[in-house]
Amino acid sequence: MPARVKTPRARTLTEIRSLARSHSRTAIRVLVGIMRSEDATPAARVSAANAILDRGWGKAAQPVENGEDQPLELVHRVERVIVHPDDAGNADAEREA
């Protein structure tokens, strides 16, 4: 059997983030250039502007809705039943007592 060639160690997530962040200044300049370019399509300009705003101010919070005008059901109860199915009835009985 032929000898296996060792591949270089895969980059860790931290190394990849560090490499990407080292290009942040250039990336922002490119986005600003696209946003300001009259030759770029309107869609490209809007996309670049949104990317700049997202990086500078964070993405806008998205409201969570259940489709009705009622408050969302708490997940706490669902987690308790899944994690401790045998204790679900006992806990309710103890609370009532």
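Visitor: What is the handedness of the crossing of helix 2 and helix 3?

Guide: In this predicted model, helix 2 and helix 3 cross in a left-handed way. The term applies when the near helix is turned anticlockwise from the far one by less than a right angle.

Visitor: Which residues make the contact?

Guide: Helix 2 contributes Ile28, Leu31, Val32, Ile34, Met35 and Arg36. From helix 3 come Ala44, Arg45, Ala48, Ala49, Ala51, Ile52 and Arg55. Sorted by class, this contact of helix 2 with helix 3 has 10 nonpolar and 3 charged residues, and no polar ones.

Visitor: How do you know whether Arg55 is buried or exposed?

Guide: Arg55, which lies in helix 3, has a relative accessible area of 59%. Exposed means over 50%, so Arg55 is exposed.

Visitor: What makes the pair Ala51 and Arg55 a polar contact?

Guide: A polar atom of the Arg55 side chain lies 3.0 Å from the backbone oxygen of Ala51. The cut-off for such a pair is within 3.5 Å.

Visitor: How far apart are Arg55 and Ile28?

Guide: In sequence they are 27 residues apart, and in space 9.2 Å, C-alpha to C-alpha.

Technical notes
Residues are numbered from 1 along each chain as its sequence is written. This is a predicted model: local features need pLDDT of at least 70, side-chain atom pairs count only at pLDDT 80 or more; totals for chains, interfaces and linings use all residues. Side-chain values use heavy atoms; hydrogens and water are left out. Helices (H or I, at least four residues) and strands (E, at least two) are DSSP runs, numbered from the N terminus. Contact means heavy atoms within 4.5 Å. Ala, Val, Leu, Ile, Met, Phe, Trp, Tyr, Cys and Pro count as nonpolar, Asp, Glu, Lys and Arg as charged, and the others, Gly among them, as polar. Buried means under 20% relative accessible area, exposed over 50%, partly exposed in between (1.4 Å probe, protein chains only). A polar contact is a pair of N or O atoms within 3.5 Å; within protein, one must be able to donate a hydrogen and the other to accept it, and residues adjacent in sequence count only if both atoms are side-chain atoms.
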